[in-house]
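Below are some notes for a colleague who is opening this structure for the first time. Please read them with the model on screen.

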Amino acid sequence: MYKQVNQKAWLLVLPVVVLVAFNAIIPLMTVVNYSVQETFGDNVFFWAGVDWFQQILNSPRFHDALLRQLLFSAIILAIEVPLGLIIALAMPRKGIGVSICLILMALPLLIPWNVVGAMWNIFALPEIGLLGKGLNNLGFDYNYTRQPVTAWFTTVLMDVWHWTSLVVLLCYAGLVSIPDDYYRAAKIDGASAWAVFRYIQLPKLKRVLTIAVLLRFMDSFMIYTEVKVLTGGGPGNATTFLSIDLDKMALGQFDLGPAAAMSLIYFLIILLLSWLFYTLMMRNEAQ
Amino acid sequence: MRKRSLIPIIYIVFLMLPIYWLVAMSFKTTNEILGGFSLFPQDFTLENYAKIFTDSTWYSGYINSLIYVVTNTILSVAVALPAAYAFSRYRFLGDKHLFFWLLTNRMAPAAVFALPFLQLYSAVGLFDTHIAVALAHTLFNVPLAVWILEGFMSGVPKELDETAYVDGYSFPRFFVRIFIPTIAAGIGVACFFCFMFSWVEMLLAKTLTSVDAKPIVATMTRTASTSGYELGLLAAAGTLTIIPGAFVIYFVRNYIAKGFALGRV
């Protein structure tokens with residue numbers, strides 16, 4: 001759509017800018033402030049320069065948390081995006097089934113995150129939970145409070161349960177917006193189901209898939225509450241992702257300087273990776 | 001066709017299992033929960049719910065949560081409406097950068113902002129008020145609302161605006177009388193997503209409150225950690241937090257799917 005140049009439009013955006021700036025810029029400046037200073041309490045601060053940044057970037061603890069985080073986000077994307085797409089493709093297109101599917105599938109999205117954690121905590125308890133007891137009865141040695149591998153399994157399963165529906169909803173919206181003519185033309189040409197998917201549905205879904213990948217990447221990279229309630233970052237440090245590590249440092253130990261430096265590095269990593277995903281996916285579209 | 005509809009059914013069963021377990025547990029006594037494994041409640045009890053509805057530390061949590069969520073939804077959508085209109089209709093200095101900057105706030109981890117928010121809202125004297133949480137949640141809800149509304153507004157042809165101006169409508173009158181009713185569905189979707197993200201968020205809500213505005217999610221975590229493991233009570237409180245969400249989904253069920261898909265990246 002052609003848009004008129006109108007500088008007065010700034011007046012319409014002003015309330016948003018003021019509100020978001022109050023919430024984003026002042027706290028961000030506080031973080032920057034802490035990240036370059038040292039304190040021994042009593043509100044006395046000393047200039048520390050880039051010491052904290054060096055300390056964080058060289059600390060094995062940060063490297064481990066970052067690696068766990070990257071691995072977690074990679075697993076989440078590898079499972080949820082294809083799974084969401086498959087479910088959306090198999091969903092009914094009309095009739096009462098659509099409403100039932102949409103309502104039931106959207107339900108996990110509207111449950112408070114700590115309730116999600118608590119729910120999975122009791123669902124997976126080895127002695128009294130349905131999942132934990134069930135797996136143990138089937139002969140698996142399953143105890144997510146003790147074994148790192150099953151703790152990861154439970155965390156990933158919880159996230160798949162919690163967020164796959166978002167991918168489904170997005171893909172479904174993309175699918176129903178494809179005009180029927182495309183399918184009719186494909187039928188006349190005798191195209192196989194795979195060809196319809198590969199040459200009609202997939203290209204048309206590119207935009208919603210980009211949004212799905214971006215949202216799932218950002219949110220899985222920032223995951224905090226659910227894991228905190230489910231495993232508390234344990235056993236040991238097995239599920240201590242970046243946000244949980246940051247929380248331990250800032251609110252647990254009150255190491256404000258290093259915590260602030262880590263916050264900034266963390267935020268920059270998300271920005272950089274999101275930008276990378278976005279550019280790569282959009283460049284493919286341009287070709 | 002048969003085989004195909006099996007996939008959504010299996011998925012929905014998978015989604016319902018943990019929810020079933022939570023609901024089943026809320027009707028059990030603590031002794032039964034800790035005593036062993038049972039698929040259905042053996043001693044069916046409503047005691048857990050009775051406690052929540054009679055103890056003010058519990059039910060006030062729900063009221064507090066609803067107050068700040070509704071405040072936040074109204075505030076976010078109200079300021080996002082004119083901004084989204086500006087983005088969808090005009091070009092102005094720095095518009096693209098501004099749009100991107102708004103979206104980057106969606107990428108800020110709440111854990112990064114928790115402590116600075118506590119200091120900021122204490123400094124301006126809003127700590128432990130509903131308005132503090134409502135304002136804090138605008139950080140991610142305003143960008144989201146602008147994004148969704150801009151998508152819906154770009155779908156409305158510009159001729160609608162031009163005809164109204166020719167007919168002698170002033171901008172505010174046109175906006176309220178004609179434009180807002182035209183994009184009512186978009187406003188519904190934006191409200192839904194603002195409600196959703198404010199309702200499910202816990203870290204900021206918990207950090208910014210202590211007594212007067214304590215949200216239900218904070219009440220729950222404190223129960224879990226202080227008075228041992230009252231699982232039945234926790235399950236009942238959890239079950240009750242699902243209800244507002246289910247209620248809201250029912251109203252927007254035909255539009256949810258559209259919400260995100262229309263926004264531009």
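1. UniProt positions are given here in the numbering of this model, with feature names shortened, and such annotations may be inferred rather than shown by experiment. The unreviewed UniProt entry lists "transmembrane region" for residues 7-27, 66-87, 99-118, 130-153, 174-200 and 231-252 of chain B.

2. This is a predicted model, in which local features need pLDDT of at least 70 and side-chain atom pairs count only at pLDDT 80 or more, while totals for chains, interfaces and linings use all residues. Residues are numbered from 1 along each chain as its sequence is written, and chains are lettered from A and ligands numbered from 1 in the order in which they are written.

3. Two of the listed spans can be checked against the helices, which, like strands, are DSSP runs numbered from the N terminus (helices: H or I, at least four residues; strands: E, at least two). Residues 7-27 of chain B are 95% helix and 0% strand, with end C-alpha atoms 31 Å apart. For residues 130-153 of chain B the figures are 100% helix and 0% strand, and the end C-alpha atoms lie 31 Å apart.

4. Chain B is split into domain 1 (1-45) and domain 2 (56-262), with bounds from an automatic or database domain assignment. The C-alpha centres of these two domains of chain B are 31 Å apart. Eight residues of domain 1 of chain B and seven residues of domain 2 of chain B make up the contact, where two residues are in contact if their C-beta atoms, placed from the backbone, lie within 7 Å. On the domain 1 side, H1(B) gives the largest share, four residues.

5. Between the chains, the contact takes 76 residues from chain A and 80 residues from chain B. Helix H1 (residues 9-35) of chain A gives the most to the chain A side, with 14 residues. That side of chain A divides into 59 nonpolar, 14 polar and three charged residues; Ala, Val, Leu, Ile, Met, Phe, Trp, Tyr, Cys and Pro count as nonpolar, Asp, Glu, Lys and Arg as charged, and the others, Gly among them, as polar.

6. Strand E1 (residues 4-5) of chain A pairs with strand E1 (residues 90-91) of chain B in the parallel sense, over two bridges; pairing requires that DSSP finds at least two bridges between the strands. A:Gln4 has B:Tyr90 as its bridge partner in E1(B).

7. Leaving aside neighbours within four places in sequence, A:Val156 is in contact with A:Ile75 and A:Ile76.
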